[in-house]
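Please look through the sequence and the structure shown here, and then read the briefing that follows, which is grouped by topic.

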Amino acid sequence: MGFSLNTYPITYRANFSDGKWSSEYLEKPHKTPEEEAAMSDSDLAKLQDSRNCYDDMPLVSYSSQYGLSCFEGLKALPQKDGGLAIFRPDKNASRFYRSMEGLCMPPFPEQYFLEACIETVKRNARLGFYPHYNSDWKKDSFMTADSVYIRPFTMSEGGVGVNLSSKPWVYVINTPVSSYFSSDNSDALVSDRVRATPNGTGWIKAASNYVISALAKSEALNAGYMECVFLDAVHHKYIEEGSSCNIFFYLKSGELVTPELGDTILPGITRASIIELAHDKDIKTSERQISIDEVMEEAKECFVSGTAAGATPITSLTYHGKKAVFNNGDVGEFSADIRDTIKGIQYGTLPDTKGWMTKVI
Ligand SMILES: *Cc1c(COP(=O)(O)O)cnc(C)c1O
């Protein structure tokens with residue numbers, strides 16, 4: 001299923017004006033989940049479209065005209081022992097704050113962000129809108145498991161000339177989501193496009209960054225690959241990221257490498273969590289530059305990481321017609337172990353020893 005725009009009924013929004021934030025929860029048109037499941041596709045599509053309409057929002061704004069907006073993505077995951085829990089929402093709260101600061105908007109207080117994420121999931125669950133834990137999910141390491149995707153984002157006030165936003169809205173919507181990658185292969189293609197430039201906005205989850213990602217990803221998909229990989233803007237040599245995920249290489253030497261953070265790399269929360277888990281497993285872990293040549297010669301395994309991707313193995317990388325196949329094209333032992341560890345913590349089949357999960361219901 002991947003992402004779907006079957007937005008759940010409850011949406012949060014806040015607006016900054018007169019120097020302060022005011023907020024509300026909106027209940028959009030809906031029936032019960034059972035009634036909605038019984039509706040015809042076209043009737044359901046109409047209902048869902050009506051949930052995605054906000055008549056009181058300006059059409060012409062710095063967001064709609066110039067992509068001046070930022071967002072977050074986090075998940076509430078059904079727990080083995082029942083209920084729902086969110087993975088490290090405090091980290092998303094602080095990244096959202098930094099993103100808004102980076103775009104020179106009045107930043108949204110982290111405590112409000114946390115409350116809005118927890119409360120939208122809770123209110124939607126109260127109306128019956130949430131996935132239930134299914135033990136079958138364990139069979140494929142939760143790769144096709146369902147969860148609630150929480151999408152906070154900003155929208156600017158109305159405006160037509162290129163400008164910054166001083167009175168933004170913050171919305172939080174919830175949608176159901178299952179596995180992200182739906183291709184029948186796990187091959188990646190190195191793109192010649194440039195996602196992020198030094199002194200640019202690559203470190204911000206800024207809407208405008210994702211146009212290039214979408215172009216490069218669609219080129220990769222059309223060429224028969226699952227994912228694209230970006231190189232750096234200056235040397236066209238060092239690995240940066242996947243389309244909207246961070247990337248890791250497990251080298252033949254036993255070292256785990258991921259590109260070091262800087263202004264062109266998005267500081268992923270999954271990335272940070274994997275680094276911590278790898279340290280715990282006594283794996284030599286480096287955040288450093290890694291060139292495409294080193295990867296083609298020395299990498300034994302590769303995977304991309306993100307809220308949507310989890311830790312998704314990449315079985316080959318193609319660069320200017322040359323293909324490096326990792327681990328004979330099979331999912332590597334290390335990649336599988338990291339993926340199982342993080343998914344196990346998220347779905348509650350492994351103990352949450354680090355206090356990463358925030359219980360919602
Ligand atoms: C969101 C995102 C990631 C992954 O971040 P997580 O916090 O792990 O979800 C990586 N790269 C880009 C470009 C992103 O937008």
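**Briefing on a predicted model**

Asn 327 is partly exposed, with a relative accessible area of 28%, where buried means under 20%, exposed over 50% and partly exposed in between (1.4 Å probe, protein chains only). The model is a predicted one, in which local features need pLDDT of at least 70 and side-chain atom pairs count only at pLDDT 80 or more, while totals for chains, interfaces and linings use all residues. Residues are numbered from 1 along each chain as its sequence is written, and side-chain values use heavy atoms, with hydrogens and water left out.

**Backbone in two loops**

- Asn 327, which is not a glycine, has a positive phi of about 50°, and its place is the loop between strand S16 (322-325) and helix H9 (333-347); helices (H or I, at least four residues) and strands (E, at least two) are DSSP runs, numbered from the N terminus.
- Most residues other than glycine have a negative phi.
- Arg 88 also has a positive phi, of about 45°, although it is not a glycine, and Arg 88 lies in the loop between strand S4 (84-87) and helix H4 (89-102).
- Arg 88 counts as buried, at 8% relative accessibility.

**Side chains and the ligand**

- A polar side-chain atom of Lys 205 lies 2.7 Å from an oxygen atom of the ligand, and for Thr 307 the distance from such an atom to a ligand oxygen is 2.6 Å.
- For Glu 241, a polar side-chain atom lies 2.5 Å from a nitrogen atom of the ligand.

Definitions and conventions
Polar contact = N/O pair within 3.5 Å; in protein donor to acceptor, adjacent residues only side chain to side chain.
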